[in-house]
Amino acid sequence: MEYLYYLYPIRTYLIVAGTLEKPNPMTADWVVPLSRKPPLLGVAIAHTRYTKKLIDEQKDFVVAVPTMELLKDVWIAGTVSGAKKDKKELMSVTFIESKSVKAPSIKECAANLECRVVQEVVTGDHTFFVGEIVNVSYGDAFPNKPDIANFRFILHVGGKDFTDTGNETIQP
Ligand SMILES: Cc1cc2nc3c(=O)[nH]c(=O)nc-3n(C[C@H](O)[C@H](O)[C@H](O)COP(=O)(O)O)c2cc1C
């Protein structure tokens, strides 16, 4: 049953696994906040992904927040597997050391949430990794609230179609 059409559009992120020397970024829509104290988030990663293997080994990852300027790179990270190619060579982003995990951050992203795996749940064809956020680095798009007037966060509509978060807020 294809229920996903009813849930989209969903925000799009980059999950970075591996090390600064051998980073592997993967595009992911299925990212969800789970707890404030402690700060936990979950990401569902298909068993077939190279990223799953890397996170299983190293038990950490970074959720990087891309904006529309990075859409071409987001598409590469979401269509090429690190098992076959070195995505670092194909993408134009800069990997930088994270503060509290081995997985690197991405300089051009609006924020990088450094996560340590605290739980893993097998959910059908995906594994849901629960990460504790041990450090966050961010640029001008935060921290008080997301600056949607100046930063175009990526929303995935479906397939190859994306849109941005717009620059208008509406109050109830
Ligand atoms: C916009 C977009 C969103 C995606 N979201 C997810 C996701 O949430 N979970 C997942 O397992 N794969 C997702 N994918 C697919 C992976 O990013 C893709 O299979 C990637 O090539 C895996 O790379 P890896 O083998 O190096 O880990 C998404 C792809 C795109 C283009």
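Predicted model: local features only at pLDDT ≥ 70, side-chain atom pairs only at ≥ 80, totals over all residues.
Biologist: Which residue in β12 stands opposite His 156?

Modeller: Phe 162 does. Residues are numbered from 1 along each chain, as its sequence is written.

Biologist: What are helices and strands here, and what makes two strands pair?

Modeller: Both are DSSP runs, numbered from the N terminus: helices are H or I with at least four residues, strands are E with at least two. Two strands pair if DSSP finds at least two bridges between them. Take β11 (residues 154–158) and β12 (residues 161–164): they pair in the antiparallel sense over four bridges. Ile 154 stands opposite Asp 164 in β12. Two residues lie between the strands of this hairpin, and Gly 159 takes a positive phi near 55 degrees there.

Biologist: In what order do the three strands form an open sheet?

Modeller: The order is β1-β11-β12, with antiparallel pairing. β1 and β12 stand at the edges, each with a single partner strand, so one side of each has no neighbour in the sheet. β1 (residues 10–11) and β11 share two bridges. Ile 10 stands opposite His 156 in that pairing.

Biologist: What is the order of the seven strands that form an open sheet?

Modeller: Read it as β3-β2-β6-β9-β10-β5-β4, again antiparallel. The edge strands are β3 and β4 (31–35), each pairing on one side only. Neighbouring strands are turned by 35 degrees against each other on average, direction ignored. Such angles compare axes, which are lines fitted to C-alpha atoms (for helices, over the stretch in contact); angles run from 0 to 180 degrees between N-to-C directions. Within this sheet, β9 and β10 (residues 126–138) pair over 12 bridges. Leu 113 stands opposite Val 136 in β10.

Biologist: Which strands does α1 lie across?

Modeller: α1 lies across β2, β3, β5, β6, β9 and β10, running at about 55 degrees to β2. α2 packs on the sheet too, touching β2 and β3, and its direction makes about 100 degrees with that of β3. Touching means contact: two C-beta atoms, placed from the backbone, within 7 Å.

Biologist: Which residues in α1 are buried?

Modeller: The general idea is a count of other C-beta atoms, placed from the backbone, within 10 Å of a residue's own: 20 or more is buried, 12 or fewer is exposed, and in between is partly exposed. In α1, Thr 51, Leu 54 and Ile 55 are buried. Seen down the axis, the buried residues of α1 fall within an arc of 95 degrees, so they line one face of the helix. The arc is that of the directions from the helix axis to the C-beta atoms.

Biologist: Is Ala 17 buried or exposed?

Modeller: Ala 17 is buried, with 28 other C-beta atoms within 10 Å. Its place is in strand β2. Its contacts, not counting residues up to four places away in sequence, include Thr 51, Leu 54, Ile 55 and Ala 103. Ala 17 and Ala 103 are 86 residues apart along the chain, yet their C-alpha atoms are separated by 5.1 Å.

Biologist: Which residues touch the most other members of the largest nonpolar core?

Modeller: In soluble globular proteins, nonpolar side chains tend to be buried together. A nonpolar core is a set of buried Ala, Val, Leu, Ile, Met, Phe, Trp, Tyr and Cys residues joined through C-beta atoms within 7 Å. The largest here has 32 residues; Leu 14, Ile 15, Val 16, Phe 61, Val 62, Val 63 and Ala 64 touch the most other members. Elements that each supply at least two core residues include β2 (13–18), β6 (60–65) and α2 (71–79).

Biologist: Which residues are closest to the ligand?

Modeller: A residue is near a molecule if its C-beta atom, placed from the backbone, lies within 6 Å of it. The ligand has 20 residues around it, and the closest are Trp 30, Thr 51, Gly 78, Ser 81 and Gly 82. β3 gives the most to this shell, with four residues.

Biologist: Where is a peptide bond cis, and which residue other than glycine has a positive phi?

Modeller: Most residues other than glycine have a negative phi, and most peptide bonds are trans. A cis bond joins Tyr 8 and Pro 9, with omega about 5 degrees. Another runs from Lys 37 to Pro 38, with omega near 0 degrees. Pro 38 sits in the loop between β4 and β5. Lys 59 has the positive phi, near 60 degrees. Lys 59 lies in the loop between α1 and β6, and counts as partly exposed with 17 C-beta neighbours inside 10 Å.
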